[in-house]
Amino acid sequence: MISVLGATRAIYIRELSELEKFAKEYSTGIDFFAIIEEKPPGSLGNNYLSNFVKKYGVNSVHVLIDSSGNVRKDYRVSTIPTIFIVNRNGIIVHHQVSGLNSADSNSVARIVLGDLAGKPK
């Protein structure tokens with residue numbers, strides 16, 4: 001599962017919290033990535049990512065910084081946050097233009113993730 005996030009602090013703190021919950025629930029066989037777009041490049045500082053991960057207890061999600069904006073361009077992300085669920089064959093099986101904080105988005109993502117993890121709905 002890939003979540004593309006902007007550099008707005010409130011958004012990525014909330015989304016990373018939700019991703020961390022998902023990652024703990026579906027820890028077997030699914031990798032979770034949060035990609036934070038850094039604007040302007042270098043604005044987050046050298047130790048920012050490691051300090052953030054420690055402070056907020058993000059242990060189950062791979063947090064990456066995209067300072068070039070290429071992820072957003074390559075995946076044609078027009079709205080932040082955007083979530084992609086990619087199967088084992090590298091095929092996008094779910095795409096949602098919203099975060100995991102709304103009940104509807106949360107339900108859809110849980111169904112798709114359950115399918116990928118082999119859990120019953």
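My working cut-offs first: buried means under 20% relative accessible area, exposed means over 50%, and partly exposed is in between (1.4 Å probe, protein chains only). This is a predicted model, so I note that local features need pLDDT of at least 70, side-chain atom pairs count only at pLDDT 80 or more, and totals for chains, interfaces and linings use all residues. Residues are numbered from 1 along each chain as its sequence is written, and side-chain values use heavy atoms, with hydrogens and water left out.

**Core.** I looked for nonpolar cores (buried Ala, Val, Leu, Ile, Met, Phe, Trp, Tyr and Cys residues joined through side-chain atoms within 4.5 Å). The largest one has 22 residues, and M1, L16 and F22 are among those with the most contacts inside it. Then I checked M1: its contacts (heavy atoms within 4.5 Å) include L19, F32, I85 and L113, not counting residues up to four places away in sequence.

**Charged pairs.** I searched the whole structure for salt bridges (a side-chain nitrogen of Lys or Arg within 4 Å of a carboxyl oxygen of Asp or Glu) and got four.

Which residue does R72 pair with in a salt bridge? I found E37, with the closest N and O atoms 3.0 Å apart. E37 counts as buried at 7% relative accessibility, while R72 is partly exposed at 22%.

R14 and E15 also meet in a salt bridge, 3.8 Å from N to O. I have E15 down as buried at 0% and R14 as partly exposed at 35%.
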